[in-house]
Amino acid sequence: MKELFEHFWITLSSKRITTMLLYSEDHIHETRRRGRIEVICGSMFSGKTEELIRRMKRAQFARQKVEIFKPAIDVRYSDEDVVSHDMHHIASTPIESSASMLLLSSDIDVVGIDEAQFFDQGLPDVCNELANNGVRVIVAGLDMDYLGRPFGPMPSLLAIADEVIKVHAICVKCGNLAAYSHRLVKNNKTVLLGETTEYEPLCRECFNKALSADSTNEPT
C-alpha cells in the first residue's frame, strides 16, 4: 500500500509539474502588477517574433495596456508594424534609442520589444527600470550574429531576465534543430537586414562547415 501511494503521489506530482510548465503565463491573471523581464531568443526563422506577437495579443485580450517597440531601421515588412515571417503582425512604435521607451511607456502594463539585438547597450537598464516599476517586459531578439557571436545587448538581457525561452528553427541542410543564422551573401557588417535570400538557419555542425567553406572561398 505504501509503494502504491508513493507511485500515485509521484505520478500526481509529475502531472502538476507538467501543468505548471504548460501554463507558465498564469502571471497575466494577477490583479497586482508585478514587473518581470521575459526574453525570447534564437536564430532567424525560429519564431521569436511570432511568440512575441502571441504574448502581446494575449495581454491585449486580457485588457491590459500594451506598447510594442521596434528599431526604426527594421522596415523589411512594414515601417511601423511588427511583422513575423508568417506575416502575422501587430502595431508598434519604431524608435531610434532604447531611452525613448521610458518616455513612451507611462501607464503601460506590458511592453514588447522586437529585434532587441539592434538596440543600443542601454536597453538592459531600460528593461530593468520598467520591470522595477511593475511593467511586464517581453523581449525578442537574435542571441547570436552571423558569425555565432553574442549579439548586441542580448547577453545582458539574458542575464537579467526572469524567464528565458530559446526557440529553434530547422536546419535547412540536415533537418536538425537550428540555433545559428548563416549569412549567404558576402558582407562583413554585423547589422545586415535580410530574409531567406540573405540568411539560412543551420545546426551547429552545418554552421561550422559553412563558416569553414566561407573562409576557404574568400579571396586572398
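**Reading strand β6 within its sheet**

Author: In this predicted model, Ile68 stands opposite Gly112 of strand β6. Glu67 likewise has a bridge partner in β6, namely Val111.

Reader: How many bridges join β2 to β6, and do the two strands run parallel or antiparallel?

Author: Strand β2, residues 66–71, is joined to β6 by four bridges, and the two run parallel.

Reader: Which residue of β7 stands opposite Val111?

Author: That residue is Val137. Strand β7 covers residues 136–142 and pairs with β6 over four bridges, again in the parallel sense.

Reader: What lies with β6 and β7 in a β-α-β unit, and is the unit right-handed or left-handed?

Author: Helix α4, residues 123–132, belongs to the unit with β6 and β7, and the unit is right-handed.

Reader: In what order do the six strands of the sheet stand?

Author: The order is β5-β2-β6-β7-β1-β8, in an open sheet with parallel pairing. Strands β5 (93–95) and β8 (163–167) stand at the edges; each has a single partner strand, so one side of each lacks a neighbour in the sheet. From one strand to the next, the twist averages 20°.

Reader: Which strands does helix α2 touch?

Author: Helix α2, residues 48–61, packs on the sheet and touches β1 (36–42), β2, β6, β7 and β8. Its direction makes about 165° with that of β7.

Reader: Which way do the residues of β6 point, and are they buried or exposed?

Author: In β6, residues 110–113, Val110 and Gly112 point one way, whereas Val111 and Ile113 point the other way. All of them are buried, that is, under 20% relative accessible area.

Conventions
Residues are numbered from 1 along each chain as its sequence is written. This is a predicted model: local features need pLDDT of at least 70, side-chain atom pairs count only at pLDDT 80 or more; totals for chains, interfaces and linings use all residues. Side-chain values use heavy atoms; hydrogens and water are left out. Buried means under 20% relative accessible area, exposed over 50%, partly exposed in between (1.4 Å probe, protein chains only). Two strands pair if DSSP finds at least two bridges between them. A crossover is right-handed if, with the strands pointing away from the viewer, the path from the first strand over the helix to the second runs clockwise. Axes are lines fitted to C-alpha atoms, for helices over the stretch in contact, and angles run from 0 to 180 degrees between N-to-C directions. Contact means heavy atoms within 4.5 Å.
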